[in-house]
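Here is a short briefing on one protein model. Look it over first, then read the points below.

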Amino acid sequence: LPQALVGGGVRPQMLNAAPLSTRPPSAGSPAKVTGVGILLGQFDNEEGSRGFYILKMQPGGPAMSSGHLEINDMIYEIDNKVIDAMKLDEVLALLRGAVGSQITMAVGRKVGNGIERKTVTLIRKEVVPGSTATPAVKAAK
């Protein structure tokens with residue numbers, strides 16, 4: 001969990017990372033939007049820093065399909081822009097883009113007593129907001 005990544009004083013907050021649709025949905029069908037299929041969580045630590053992490057992933061979405069991202073991975077940068085001081089709408093704007101466009105994210109994951117950082121590149125596609133999987137619960141190591 002993010003608390004394990006940044007220490008005490010974390011206040012998790014659920015934030016929907018799915019961008020709003022720019023076109024009305026057809027009757028009876030869910031709206032589709034362009035993104036990577038993640039639901040973000042946000043935290044603030046005692047030092048006043050803000051951060052974002054992957055709370056849920058959409059099955060079949062770019063994030064989950066990549067095999068490189070996991071629930072609770074911290075997101076540090078999107079397309080070489082540091083996001084820790086950004087507001088949610090600014091982060092959402094970075095996650096949005098044209099279908100087929102590339103997005104690069106610098107992420108981190110707690111491994112033992114440290115943080116393993118890596119860069120992941122995904123291709124945006126149409127996703128259905130609200131169709132994210134239930135977070136996986138992992139045993140602490």
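A salt bridge is a side-chain nitrogen of Lys or Arg within 4 Å of a carboxyl oxygen of Asp or Glu. By this rule the count comes to 3 salt bridges. This is a predicted model, in which local features need pLDDT of at least 70, side-chain atom pairs count only at pLDDT 80 or more, and totals for chains, interfaces and linings use all residues. Residues are numbered from 1 along each chain as its sequence is written, and side-chain values use heavy atoms, with hydrogens and water left out.

**Salt bridges**
- Glu70, Asp73 and Arg109 are linked in a salt-bridge network.
- Arginine 109 pairs with aspartate 73, with the closest N and O atoms 2.7 Å apart.
- Arginine 109 lies in strand 7 and aspartate 73 in the loop between helix 2 and strand 5, so the pair ties together parts 36 residues apart in sequence.
- Helices (H or I, at least four residues) and strands (E, at least two) are DSSP runs, numbered from the N terminus.
- Aspartate 73 is buried, at 1% relative accessible area.
- Buried means under 20% relative accessible area, exposed over 50%, and partly exposed in between (1.4 Å probe, protein chains only).
- Arginine 124 forms a salt bridge with aspartate 79, the closest N and O atoms being 3.8 Å apart.
- Arginine 124 is buried, at 5%, while aspartate 79 is partly exposed, at 27%.

**Helix 3**
- Val91, Leu92, Leu94 and Leu95 are buried in helix 3.
- Down the helix axis, the buried residues fall within an arc of 160° (taken from the directions from the axis to the C-beta atoms), so they line one face of helix 3.
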